[in-house]
Amino acid sequence: MMQPNPTDNPRTQRPWGWYETVSEEPGFKIKRIGVAPGQQISLQKHRHRAEHWVVVQGIAHVTLDDRVFDLEVGQSCDIKLGQIHRLANQTSGPVEIVEVQFGDYLGEDDIVRFSDDYGRH
């Protein structure tokens with residue numbers, strides 16, 4: 001497996017923070033995701049992928065279907081295919097996770113949004 005070069009992984013800015021792809025192979029993708037203080041991603045689900053989140057900085061506020069909970073550094077959760085989820089930062093410091101995606105299609109357009117603070121559909 002080829003080792004990624006950090007300069008090959010530009011950071012993509014989003015209204016809630018940023019992400020960068022660390023590695024991508026057929027069937028999986030690894031991303032770093034940073035959520036700015038007081039921000040959150042869309043309440044969403046995916047049709048083609050499952051995800052595994054590991055918190056590497058801060059306290060992540062997670063919505064997973066009807067459950068809402070916090071994860072600290074070193075803690076993780078699994079998001080099954082089609083499961084409704086959201087990642088939020090309710091603190092004044094940064095939150096960063098490592099996300100591993102698994103599935104037959106890993107494009108950024110595989111998002112079904114239910115609620116979004118930034119008017120995206």
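Visitor: Hi! Where is Gly 38 found?

Guide: Hello! Gly 38 sits in the loop between S3 and strand S4 (43-45). Strands here are DSSP runs (E, at least two residues), helices are runs of H or I with at least four, and both are numbered from the N terminus. This is a predicted model, where local features need pLDDT of at least 70, side-chain atom pairs count only at pLDDT 80 or more, and totals for chains, interfaces and linings use all residues. Residues are numbered from 1 along each chain as its sequence is written, and side-chain values use heavy atoms, with hydrogens and water left out.

Visitor: Thanks. Does Gly 38 count as buried or exposed?

Guide: Gly 38 counts as exposed because its relative accessibility is 57%. The cut-offs are under 20% relative accessible area for buried, over 50% for exposed, and partly exposed in between (1.4 Å probe, protein chains only).

Visitor: And what is Gly 38 in contact with?

Guide: Leaving aside neighbours within four places in sequence, Gly 38 is in contact with Asn 89 and Thr 91. Contact means heavy atoms within 4.5 Å.

Visitor: Let's zoom out. How many helices and strands does the protein have?

Guide: The protein has 0 helices and 11 strands. Of its 121 residues, 40% are buried. Among contacts with a separation of 6 or more, 67% are between residues 24 or more positions apart.

Visitor: Now the inside. How many residues are in the largest nonpolar core?

Guide: That core has 17 residues, and those with the most contacts inside it are Ile 33, Trp 53, Val 62, Cys 77 and Leu 87. The elements giving two or more residues to it are strand S3 (28-35), strand S5 (49-57), strand S6 (60-64), strand S7 (67-71), strand S8 (76-79) and strand S10 (95-103). S6 provides the largest share, 3 residues. A nonpolar core is a set of buried Ala, Val, Leu, Ile, Met, Phe, Trp, Tyr and Cys residues joined through side-chain atoms within 4.5 Å.

Visitor: Which residues does Ile 33 touch?

Guide: Not counting residues up to four places away in sequence, Ile 33 touches Trp 16, Trp 18, Tyr 19, Leu 87, Val 95, Glu 96, Ile 97 and Glu 99.

Visitor: Back to S6. Why does Thr 63 count as buried?

Guide: Thr 63, which is in strand S6, counts as buried because its relative accessibility is 15%. Beyond residues up to four places away in sequence, Thr 63 touches Leu 43, Val 68, Ile 84, His 85 and Arg 86.

Visitor: What is the phi of Asp 65?

Guide: Phi of Asp 65 is near 55 degrees, a positive value in a residue other than glycine. Asp 65 is in the loop between S6 and S7, and counts as partly exposed because its relative accessibility is 39%.

Visitor: Switching to pockets: how much space lies in the largest pocket?

Guide: About 260 Å³. Its lining has 21 residues, of which Trp 16, Lys 31, Gln 44, Glu 108 and Ile 111 lie nearest the centre. S3, S5, strand S9 (85-88) and S10 each give two or more residues to that lining. A pocket is an open set of points on a 1 Å grid over the protein atoms alone, where a 1.4 Å probe fits, with protein on both sides within 12 Å along at least five of seven lines; lining residues have an atom within 4 Å of a point. The volume is the space filled by probe spheres set on the points, which are joined across faces, edges and corners.
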